[in-house]
Amino acid sequence: MLPSVAVPELPEVETVRRSLLPHLEGRRVVGLEARRVRLRQGIEPDEWRAFEGVVVRTIQRRGKYLAVTGDEVSAVLHLGMSGRLAVADPSRPHAAHTHLVVHLDSGRELRFVDPRRFGSAVVRPTRTLPLVPPFALLGAEPLDDAAGGVLRDAAGRTRVAIRNLQLDQTVLAGVGNIYANEALARAGIHPGRPANRLSRRRLDRLAWAVRETLEDAIAAGGTTLEDGGFANATGEAGNFAVDLAVYGRDDATCRRCGGVIRRVVLTGRSAYFCPHCQH
DNA sequence: AAGCCAACCTGGACGC
DNA sequence: TGCGTCCAGGTTGGCT
């Protein structure tokens, strides 16, 4: 059984970034509706007033965060577990749990919807972005060449399960439970294996598998599970769910060996793996 | 001090 | 049908 949520991880956030960019680049913010709602970091209407009049220069992604960047200030957004960003015509009715609406000089609007309220939406000075949380706390970008070395160094210093180390955003930024499990499957590594008991060679292989998995998922437009939880800025679903090797496939057949995929719980989070292919 | 774990929150799945 | 219970997940903060 697939879990009923499709949580945005790096490929989904990158997909949102790319689909958002043509609608936001060069556009001016001409109005805001910021509802004071308790997200993980609450939306503060006073703080959001600084975003009025901003001309969007670009959209950056760091880990699972997006920064909609103007010359002076940027909106730093995290989709949490259920967050969505959508560009829509104002005539379309607002979905439930719409916390933020940014009116653009194109006549359209950017909407931030997050039923489970694990997301965040704050405004920060653009020049300080790399220097303050959350960006300052994030580890390597898994798509960068430096990621392999960072993973190796971190693994040598801890005996936590490798799946849990992958979820540590201060090591690799942007990997969540779906892609952590998928990368381990590609690398043939058991999710519960202590990080410091993996050889350098196998860690390099894992870093490579993480990168490949994320790049494939980005190319597919992200993962949308059966409930249709994830969509890009224009409402399109992603196509990576059909390529999942282990995630959500407990008791199903391993496509490589024909064995049975298992689920175990590691520190409160499900891990999926093929006992025959992963050690 | 590393590492575990509860809390946050809601909708969907499931059992009775 | 309808109500209650459980579960998913990213991140933070508190505890050991």
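By class, the surface near DNA strand B comprises four nonpolar, three polar and four charged residues, where near denotes a heavy atom within 4 Å of the strand. In this classification Ala, Val, Leu, Ile, Met, Phe, Trp, Tyr, Cys and Pro count as nonpolar, Asp, Glu, Lys and Arg as charged, and the others, Gly among them, as polar. The structure is a predicted model, in which local features need pLDDT of at least 70 and side-chain atom pairs count only at pLDDT 80 or more, while totals for chains, interfaces and linings use all residues. Residues are numbered from 1 along each chain as its sequence is written, chains are lettered from A and ligands numbered from 1 in the order in which they are written, and side-chain values use heavy atoms, with hydrogens and water left out.

Eleven residues surround DNA strand B, and the closest are Arg38, His97, Pro115, Arg116 and Thr158. Sugar or phosphate supplies 70% of the atoms of DNA strand B within 4 Å of the protein, and bases supply the rest. Phosphate oxygens of DNA strand B lie 2.9 Å from a side-chain N or O atom of His97 and 2.8 Å from a polar side-chain atom of Thr158. A base oxygen of DNA strand B lies 3.0 Å from a polar side-chain atom of Arg116.

DNA strand C is surrounded by 14 residues, of which the closest are His78, Met81, Phe118, Tyr247 and Arg269. Of the atoms of DNA strand C that come within 4 Å of the protein, 49% belong to sugar and phosphate. A side-chain N or O atom of Lys64 is 3.3 Å from a phosphate oxygen of DNA strand C, and for Asn177 a distance of 3.3 Å to a phosphate oxygen of DNA strand C is found. Arg269 places a polar side-chain atom 2.7 Å from a base nitrogen of DNA strand C.

Asn177 also belongs to the buried residues of helix H5. Ten of the eleven residues of H5 (residues 177–187) are buried (under 20% relative accessible area, with exposed over 50% and partly exposed in between; 1.4 Å probe, protein chains only), so the helix is largely enclosed by the rest of the structure. Helices (H or I, at least four residues) and strands (E, at least two) are DSSP runs, numbered from the N terminus. The cover over the buried residues of H5 includes H1, helix H4 (162–167), helix H6 (200–219) and strand S10 (269–273). Just after H5, Gly188 adopts a positive phi of about 70°.

Four strands form an open antiparallel sheet in the order S1-S6-S7-S5, pairing being assigned where DSSP finds at least two bridges between two strands. Strands S1 (29–34) and S5 (84–88) are the edge strands, each pairing on one side only. Strands S6 (residues 98–104) and S7 (residues 109–113) are joined in the antiparallel sense over five bridges, and Leu100 has Phe112 in S7 as its bridge partner. Helix H1 (residues 10–24) packs on the sheet, touching S5, S6 and S7 (contact means heavy atoms within 4.5 Å). The direction of H1 makes about 30° with that of S5, where axes are lines fitted to C-alpha atoms, for helices over the stretch in contact, and angles run from 0 to 180 degrees between N-to-C directions.

Note on methods. Polar contact = N/O pair within 3.5 Å; in protein donor to acceptor, adjacent residues only side chain to side chain.
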